[in-house]
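Hi,

Here is the structure I promised to pass on.

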Amino acid sequence: MTESRIRYAVLAALLLALAAVPYVSGKFFVYLTMRVMLLGIFAVGFNLLLGQTGLLSFGHGAFYAAGAYGLGLFGAYVTPNPLLGVAVGIAAAAVVALLVGYLCVRHTEIYFAMLTLACGMMVFSFVWNARSITGGDDGFIGIMRAPVTLFGGLRLPIGKDSQFYYFVLAFFVLAVWVAHRIRISPFGLVLSGIRENARRTEYAGIPVRKYRLSVFVVSGAFAGLAGALEALLESNARPFMAHWTHSAEPVLVSLLGGLSSLFGPIVGGAFFIAMREIIQRYTENWMLGFGVVLLVVIMAFRGGIMGAVENLFGRRSAGAGR
Amino acid sequence: MQKKGINRRQFLKLTGAGSLVAAAGTIGGGLTLPKGLWAATPAIKGPIKIGYQTVLSGTLAGYGEFHKMGLLMAVDEINAKGGIAGRKVEVEVRDSTLKPDDAIKNARYFVDSWGADFLGGIDSSGQALALAPLMDKLDRVLIVTHAATEKLTEDFVYRKGVRQIFRNCMPTYNDGNAAAFIAKDFPAVKWATVSPKYEYGFTCWKMFRETLTKLKPGVSFTAESWAPFGTTDFRSHINTILDAKPDGLYSTEWAGELISFLKQAKEAGLFDKIRYVMLPVGAAMDVLEGMGKDMPDNLWISGRYYFQYPNNKTNNEWVARFRKRWGHYPAYVSETAYSCVYAIKEAVEKAGSKDTGAVIQAMEGMGMNSPAGHRVFRKEDHQAIYDVPWGKTKADPKFPFKVMGDMKVLPAKEYFNRPPFEGPGTTPPFK
Amino acid sequence: MGETLLTTRKLSNHFGMVCTARELSLSFEKGVVTSIIGPNGAGKSTLINLLTGHLPVQSGRIDFLGREITRMPIHRRVRMGICRSFQVVNVFPGLTVEENVMIPVLSRSMRAWRPITRVSRDAAGREEAEALLEKVGLSGVRGTPASSLSHGDLRLLEVGVALAAAPTLLFLDEPTAGMNPVERERLLGNVRTLSREGKTTFVLVEHDMDVVFSLSERILVLHRGELLCDGTPEAVRSDAKVREVYLGEDVSDLFRYTRTEAE
Amino acid sequence: MMQSVVHTVLAGLSAGMFIWLVASGLTLIFGVLGVLNFAHGSFYMLGAYMCYTVLRYVGPDFWVALLIAPLSVCIIGYVVERWFLRYVYHLALPYQLLLTFAFVLIFDNLAKMVWGAGSVTPPDLSTLNGTVSILGRNFPVYNLFIIGVGPLVAAGLWLFLERTWYGRIIRAASSDREMAASIGVSVPALFTAVFVFGTWLGALGGGLAVPYVGLVTTGMGETIIIEAFIVAVIGGLGSLKGAFLGALVLGVLTAFGTRFFPAFDMFLTFILMAGVLLVRPQGLFGTAR
Amino acid sequence: MILELSRIDTYYGTSHILQGVDLSVREGEVVALLGRNGVGKTTTLRSIMGLSPPRRGSVRFSGREITGRPPYEVARSGVAYVPDDLRIFPDLTTEENLEIARRLSPRKGYWNRDRVFDLFPKLRDLSGHRGMNLSGGEKKMLGIGRALMANPSLILLDEPSEGLAPLVVANLVEVLATIRGQGVTILLADQNLKFCRRVCNRGYILEKGAVRHSGGMEEIWADEEIIRKYLVL
């Protein structure tokens, strides 16, 4: 009882802190926080696949790109309504994920990783080559942030970053909440069953492949949401969103933060962005610095940052108990 | 901070003090004045901060280094002589990694966190175009020193009115249009290309084709071979060209990829079979030095600046100073980075303010002397107009690499697209 | 005795040159606790693997409750009522004991597809899981991750997870391996009770002869993929062939059995 | 047309051989150690830089450079295996990838600090400098040499693995680590040795690339490591035979794609990879793991 | 005593497999580990070899403590292991499978390739065949041959008679006698009591991870009580 109360209090405090960011900090910090939230949405969704189901995808950039281009094209040709655009972006990502997933989920482990890599890179090549639709390597530029229309009449402008911040925050909270609910839902339990022991899950009467495909699509939809929001934030969509180097980002931050918890990927994402930012202020050789930090993190705490934190607190409370 | 800035700008607008200060700036321009005098000018407070981004990692990191050399030289020179309008110049350089999202992040960092007054740099077209829609929000003057896409100035500055963007380097006009002007005098009628498989390559080839067709009806374009970013093996591309048996080859390959391409093409005997070869960025220092004596003779090359042109005191002295400090000949990005700081200096001192609106006003149509010669920022699209030479590669005992001989200099005005950038009469040749 | 649940016809399987099932034709009746025994390599695990879908059937046919299931995927056999436990503990190590049994419980209803509702609010499912854990004697550790259970508890959980699928026919592959006597007794007690309830029919593969003889109503003896003996415990115990198989062939008596090794 | 096809094949073969050289070390390391070494491309890059350094500062003798450079990179390979990789063998694949990725960042940056940011170009080499005319079109002797070196390395590896004492141990340990230990193989030492040998192969590829590509840059390993990965996967992870064949197929296919289907040349590689994986997830010569 | 195990406890994960196993083998003896499936025979051999190091207790070989030593050191000190699934290196030919073991061992002695081929003439004909193509019986010969090539003082043999046709088992009895004649000590685990009776001097009977009984083979053979309790139904 008290524990859950503390948890709610901490969450409420975190949410308040996030909501207060545009009021108390500089614009750049607001922007970085938005980037952290975007990466967080991307990685939290991705971790439903890696952390929850035990499938390593190297092609999630494709769904991210589908979300971004979906929103961009919809905005340019149909209506710039951002909410509809985000919905279209998510739908586009889910459709691409369904196609890719249908081919890939029959395999697991490294074969799954390699197949998703190949499929993602095909999407990348397509976006790069379909210049008349996507703008090629220049990207799809000039995506505008039209005001959000709610309940028929209420118009909320999101043009300024300080306004758009709340748009992102709302989706971030929604995404984290959905991911949280999936993790504690029967569906999520079955997914962790598949991760822990796919064979045994079959012997529980579960059609494992269908579940894999479902979670693949769901996590693709998260990627699509992040992509659509980034398209709005940066006013463009780029082919490199689908590139494997971008697909590797959620892998990296999930591992950094820890696969086992909901907040691991978000912490990893924040660490990833903050670390680069900090290192970059001191040296041009940020790659060296970042590489060394990565080495230390992997060699020192293998459960990721969140794992290390949990261990620390676990040990402390155990010590206090004695 | 932001609110204060707006207030000040509004204040200046209301009182007309802006023009007053601008006038003061014009009087003082070019003179080295003691700090104390400028300190009395209320419009400029604190140092002049320039946030500069360029690629510092990956295969093209060499360009970033050349940017930095020119940039630091300008900053040191200016600071040694009392700064801009008596204010010290501060510069921070960030790795742009060639990724558009990093370019945006860097720009936001410079403006929103570091407090930059000006932005400079930008290597890739994708980065420039990604950053462009953001510029009126950031509201700082951005001087693009390397990215060449004409869309930046035509679409964003001219059509969409993003007035914060300026470009002081050659756009694709030189790579495409000017190449056609040179090529029209050759007997070659069949042309082919090996170019990068991205917008830059496509655009230049299109410009070249269109302009050359206009200048010399009857030319044909027989083969295109596109090399993705990161290509190191051009043998298949070379085969494509050799199979097509063109008279002329046009290639906008650049940097390391151009070196690989040239070496491999030379081995394959391409230059024995094709007499007319146009390399719009072949005069880049990294290519000339990288190829060294291996560079075939009689290839037509150009660049966005070439250190032997113009052959005047300003340029020659600058090249000498550059060599003394860095032990290199200046690359074109060194010149544009160097001139970028001086353009800021001129504009600020002309405006008497580092305020964005005032500086834009001062910069529009502004002319300045630079190592590359006289530059004028065209009012309509903020594109700097200056001349660069085309010439043929040849050996010179004074240099360990091939240099540009038989220089031809076309006036930039004759081959730069003109506003309104659509409809007849906006693309060369002009009557 | 009761109705026939499962029958096989001429079921065969080979691994390379080794024959692990040779034209096995068997049937299992409802309510009869059956043990399958035999020395190493007799083909006991292969038989279970074939029946539950773990291995593809090379030749022969399997029917369950009047339907052919020879090529049916595992999860559909489970839905029909065939489940198993494994020789090596094969549970969900990272999940708690309760979650371990919740997966099969949920999967029986379509509730397993629900993505947003909470498992913890699924009262019916939890009640069922709780009842089951109570039955197998693990309700005290329901919140413990399976990976930190003792070996005996893990074996109980192994059986518990299999039971949670509410099978009509349940194969237990060496359920008592590595258990201490107390745990073994608890498990055997469970099997007896549950068998008496009549919902589930048990088939065991066992090495512990105390277990086999105290529990089984019918014993199948396999040897090199063939059915050597099939009968009541008493009949099997007194079978001379069975004794020989367990003591090993007498090497001086060379030609009593057909040779299976290709020489 | 004939001329074009022949030259396209030749171009494809020489390109494929480079991918093979990199993929061979990658495959060997994966086959024996079970580690996907993302930093293998960095060894390729370092091999090229070391080769350049020897050429520039010791003397323009390519063969000497080719001898010294890969060996010097082996020291780095040793450090990576002995002090870092060894401790993550038991971890899941993504962690190994992450660790080796960290090394990619570090090596790229260190190379930039040591050799400068721009590309460096080697001095002129008189070695194998000419061209021969094949069907009326020049083809560089060096490329022919590379087309020869690829199979030579393949044959050498084959001989080494099939005919030598160490080769047998490696084959034994790669199929059954535990049994190898039970007959007296010191598995940790063997792993170090194989990793260093794989490093040598990668660095050798880098050294050979110096005259071929014509310049050395940081980040040059990234393009080739992806191709090598693809080849290793197509061929079947851990199968040298598969990697060799995969490299040939990929090299020739890319050459033909560039020459005859330029619109698709970026797709082809991945279509090939996805196609092979869908039909045979374990690759052409791989065994299901 | 060439081999002494005192109170070793071995776990697989959380599973407590060996619970205080004590046994000893004198030089030149052939000793059997008896018991039904799953009583810990294989684990005992693996514990000696260092493949599943015991968590407690000690293993001494030739008077030296080898508990917790890596397997390759145990192997080099003169112990050879023939697992029940033989683990013939599939990529290596018969000859290579033999040679690799000889070259890895620092010990030289009676056994070499020709001696092994004399012992198993069949292997000579198969010397160029890859391990993966051999039949079960051929693998068994090769597995024992490979162990001999190291000239070990002690061979650990897991289930030598399992899956073999009676004729082959008979042959095996002779082979083991020959090996023993060369002064090699053998510790074998088998379920086939009749086979063990023919080759072994003594036997240990394991049940549930501990030694329940030990004695001469004839004594065990004669004790119907023990046979019924631990070995048959």
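The 13 positive and 10 negative charges of chain D have mean positions 6 Å apart. Lys and Arg are counted as positive and Asp and Glu as negative, leaving out His and the chain ends, and each charge is placed at NZ of Lys, CZ of Arg, CG of Asp or CD of Glu.

Some ground rules before the rest. This is a predicted model, in which local features need pLDDT of at least 70 and side-chain atom pairs count only at pLDDT 80 or more, while totals for chains, interfaces and linings use all residues. Residues are numbered from 1 along each chain as its sequence is written, chains are lettered from A and ligands numbered from 1 in the order in which they are written, and side-chain values use heavy atoms, without hydrogens and water.

Now the fold of chain D. It has 11 helices and two strands (DSSP runs numbered from the N terminus, with H or I over at least four residues for helices and E over at least two for strands). Along the sequence these elements come in the order α-α-α-α-β-β-α-α-α-α-α-α-α. The radius of gyration of chain D is 19 Å, close to the 19 Å from the globule rule for 289 residues, so chain D is as compact as a globular protein of that length (C-alpha atoms only; the rule is 2.2 Å times the number of residues to the power 0.38). Of its 289 residues, 64% are buried, meaning under 20% relative accessible area with a 1.4 Å probe and protein chains only.

Next, the neighbours. Chain D and chain E meet through 18 residues from chain D and 23 residues from chain E, where contact means heavy atoms within 4.5 Å. About 1,900 Å² is buried between these two chains, 63% of it from carbon and sulfur atoms (the accessible area, 1.4 Å probe, that two parts lose on being put together, summed over both). D:Trp165, D:Met179 and D:Ile183 supply 32% of what chain D buries against chain E, more than any other three residues. By comparison, no contact joins chain C and chain D, with their closest C-alpha atoms 15 Å apart.

Which residues does D:Asn109 touch, leaving aside its neighbours within four places in sequence? They are A:Asn285, A:Trp286, A:Met287 and A:Leu288. D:Asn109 sits in helix H4 (residues 93-115) of chain D and is buried, at a relative accessible area of 4%.

Best wishes

Key. Buried < 20%, exposed > 50% of the residue type's maximum accessible area, 1.4 Å probe, protein only.
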